[in-house]
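Trainee: I would like to learn how to read side-chain contacts and helix geometry from a coordinate file. Please take me through an example.

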Amino acid sequence: MRNLSCLIPHKRKKSNWRAKHEEFIQSLRYAKKVTEYEKEGKDLRELAPPPPTQNPDLVPCPHCGRTFNETAAERHTPRCQAMKTRPPPLNTRRR
């Protein structure tokens, strides 16, 4: 029996290494600021909050704003759309 999987075209995910790299660099810069504040004895509450992180692999739900991977989003979106008593959207800001 032949393996026919080589004949089926595979869907390649778009590489997002550059975005991940930039996010990593931003988090390192923020950590460096935190250590500088600690060494100088400044109050960390004066420092701005860290930059928000977003995963481009996740799909946001148009109804509730939550994010899921592709297969879970396909299952979730119709259910969320049909839900009559939906809780308010989650606060996505970090504390």
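Trainee: With which residue does Lys42 form a salt bridge, and how far apart are the closest N and O atoms?

Mentor: Side chains of opposite charge can pair when their charged atoms come close. A salt bridge here is a side-chain nitrogen of Lys or Arg within 4 Å of a carboxyl oxygen of Asp or Glu. Lys42 pairs with Glu40, and the closest N and O atoms are 3.2 Å apart. Before going on, note that this is a predicted model, in which local features need pLDDT of at least 70 and side-chain atom pairs count only at pLDDT 80 or more, while totals for chains, interfaces and linings use all residues. Residues are numbered from 1 along each chain as its sequence is written, and side-chain values use heavy atoms, with hydrogens and water left out.

Trainee: How many salt bridges does a search of the whole structure find?

Mentor: The search finds 2. Besides the Lys42 pair with Glu40, Arg45 forms a salt bridge with Asp43, where the closest N and O atoms are 3.1 Å apart.

Trainee: Is Glu40 buried or exposed?

Mentor: Buried means under 20% relative accessible area, exposed over 50%, and partly exposed in between, with a 1.4 Å probe and protein chains only. Glu40 has 54% relative accessibility and so counts as exposed, whereas Lys42 is partly exposed at 40%. In the other pair, Arg45 is exposed at 72% and Asp43 is partly exposed at 33%. Of the 95 residues of the protein chain, 12% count as buried.

Trainee: Over which ring does the charged end of Lys42 sit?

Mentor: The criterion is that NZ of Lys or CZ of Arg lies within 6 Å of the ring centre and within 35 degrees of the ring normal. The charged end of Lys42 sits over the ring of Tyr37, 4.9 Å from its centre.

Trainee: Where in the chain is Lys42 placed?

Mentor: Helices (H or I, at least four residues) and strands (E, at least two) are DSSP runs, numbered from the N terminus. Lys42 is in the loop between α1 and β1 (59–60). Just after α1, Gly41 takes a positive phi of about 80 degrees. The protein chain has 2 helices and 2 strands, in the pattern α-β-β-α along the sequence.

Trainee: What span should helix α1 have, and how far apart are its end C-alpha atoms?

Mentor: The expected span of a helix is 1.5 Å times one less than its number of residues. The 24 residues of α1 (residues 17–40) should therefore span 34 Å, and the end C-alpha atoms are 35 Å apart, which agrees. Ala19 lies in this helix α1 and is partly exposed at 44% relative accessibility.

Trainee: How many disulfides does a search of the whole structure find?

Mentor: A disulfide is a covalent bond between the sulfur atoms of two cysteines. The cut-off is a pair of cysteine sulfur atoms within 2.5 Å. The search finds 0. The sulfur of Cys64 is 3.7 Å from the closest cysteine sulfur, that of Cys61, which is too far for a bond. Cys80 is in no disulfide either, the nearest cysteine sulfur being that of Cys61, 3.8 Å away. Cys64 is buried at 12% relative accessible area, and Cys80 is buried at 2%.
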